[in-house]
Amino acid sequence: MGDITSTYDLIIVGGGPAGLTAAIYGGRAKLKTLVINKGTVGGLVNTTREIVNYPGYGQISGEDLMKDFKKHAESFGTDFLRDEVVRTDFSQEDKVITTKKGKVYSSKAVIIACGSEPRLLNIPGEKRLQGSGVAYCATCDAEFFEGEDVVVVGSGDQAIEEGMYITKFARKVTVIVLHDEGILDCNKVSAERAFQNPKMDFIWNSTLEEVQGQDNVEGVKIKNLKTGASTELACQGVFFFVGMVPSTHFLQESGIEIDKRGYIPVNELMETNLEGVYAVGDNRVKYLRQVVSAAGDGATAAVAAERYIEEMKAFNSNVLESDKQVLLLFFNAQDNSSLEFGTLLEEVNQELQERYKIVKVDLTTKKNLAQKYGIEKAPSVVVLDKGQEVKRLDCLTTIENLKSQLC
Amino acid sequence: MSLEKLNADQFEKIIYNNGEPSLVIFSRKSCHVCQGVIPVLEDLKPNYEGKFGFYYVDVEDDKTLFQSFSLKGVPQILFFNEGEYQGKLAGAVDEEKVEDKIADVLEG
């Protein structure tokens, strides 16, 4: 691994709405913040032609909304880097990130906001004919199918809405739907519009088996799931809208817990299983994947990261740089006897003319610290000198014995 | 280093008349995959200064060009040498794929 190129308080991986909102909050909290983004800032939102449910904006294109987000983040002094993260080392207090261009960055906290990408069906012809009739983005490619026949796979919001957009160019759009006749996964308004669109056709209870064609798409093979029968349909284009998968593959070796489908589970602070590492937006396990909820995630994670960094700095200056020896007391706020022990320890320290500095740590909330010192029960006391462990106290004892342990 | 934008006339002149070995990416602003591939080319361009041309065409500004190649999507990187079409790369491609293809074109 190369030398560290730059050091930050907070690095955000991904520049969609979640990452940019985290950048706004991070920048405003005066954290030295870097956003690493591999494509254009804005992410997948850029492909949405029309957003009508982001509060405060009656109607705006995804691209324009993301430009506003970015401008806002820049106004708080956030740095932006166009590069791709290929490797991470989250095992130390300083997190290390290596990019495709070979740069190495370190930071105190990291927010993963790398979003998701279209799922592939992995059927014959799909990959080979990408860009030659197989497409995943109507905004990008619909125009290339002027006057031609197009097949759309899927029936969610994206499939139906994009399908209708394609009818502006194509002669006919045939939608392949998994469900029984009349059932679409999309919202009701879009479904009604689609049924009324004279250019839209539906093939029910079916899935795609193969994309056919030599150099360009010439047709598809459709399988009826009820009868098992295969039919062929001539077309010049196939658009796949069969859902998204999280873009978390680069984290496989990172130690971050990832579920079977590739999503990162987090708690309500957006914390992953790793200290100082957060996950927000489409790449985390969640109920609603929208710009507004992504923005909410970003705000939460940035505030949580800010507090984490502050606590870490406070701990470092209180404990590791203390002139006096430190009694690091792990207590449990819900356990009276450990609270009483705290009072006892303070009394003993007073009798010893405040020879020690007592730092109290709640075992239930500071799990990372407890883990670092291998503490499992409260009360526990670790005696530290300039951050080095001197000894541990026997806490199940009398005041005299406690005093003698400290003399 | 940013790519030089070509219109239909410049395309004719540089690619066909001059016959310079070149690649041309067909892209559009609203396509996020294109916006991810362009920086890859921008980074590679300095390595091929004087040896291989790097250009781009905006399909919204020059419809006739993409129609003449009957393209079925963006981004598409088309390769040319001595005025002859040498093949293309479609979709999200990485550095290595582009470098390999350039090597092929230069050797061929």
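Residues are numbered from 1 along each chain as its sequence is written, while chains are lettered from A and ligands numbered from 1 in the order in which they are written. The model is predicted, with local features needing pLDDT of at least 70 and side-chain atom pairs counting only at pLDDT 80 or more, whereas totals for chains, interfaces and linings use all residues.

Let us begin with chain A. Its domain assignment gives domain 1 (6-116 + 244-315), domain 2 (134-240) and domain 3 (323-406); such bounds come from an automatic or database domain assignment. Between domain 1 and domain 2 of chain A, the C-alpha centres are 34 Å apart.

Now look at helix α1 of chain A, residues 17-28. Helices (H or I, at least four residues) and strands (E, at least two) are DSSP runs, numbered from the N terminus. This helix has 12 residues and spans 16 Å from first C-alpha to last, close to the expected 16 Å, where the expectation is 1.5 Å times one less than the number of residues. After the helix comes A:Lys30, with a positive phi near 65 degrees.

Chain A also has an open sheet of 5 strands, with parallel pairing and the order β8-β15-β9-β10-β11. Two strands pair if DSSP finds at least two bridges between them. β8 (134-135) and β11 (200-203) of chain A are the edge strands, each pairing on one side only. Within this sheet, β9 (149-153) and β10 (172-176) of chain A run parallel and are joined by 5 bridges, with A:Asp149 opposite A:Lys172.

Chain B brings an open sheet of 5 strands with mixed pairing, ordered β1-β3-β2-β4-β5. Its edges are β1 (4-5) and β5 (84-90) of chain B. Strands β2 (22-27) and β3 (53-58) of chain B run parallel over 6 bridges, and B:Val24 faces B:Tyr55. Helix α1 (8-17) of chain B packs on the sheet, touching β2, β3 and β4 (76-81), at about 150 degrees to β2(B). Helix α2 (32-44) of chain B lies across β2 and β3 at about 160 degrees to β2(B). These angles run from 0 to 180 degrees between N-to-C directions, using lines fitted to C-alpha atoms, for helices over the stretch in contact.

Why is β4(B) largely enclosed? Because 5 of its 6 residues are buried. β4(B) pairs antiparallel with β2(B) over 5 bridges, B:Ile77 being the partner of B:Ile25. Another 6 bridges join β4(B) to β5(B), also antiparallel, and these two strands form a hairpin with 2 residues between them. In the turn, B:Glu82 has a positive phi of about 50 degrees.

Methods: Two residues are in contact if their C-beta atoms, placed from the backbone, lie within 7 Å. A residue is buried if 20 or more other C-beta atoms lie within 10 Å of its own, exposed if 12 or fewer, and partly exposed in between; C-beta atoms are placed from the backbone.
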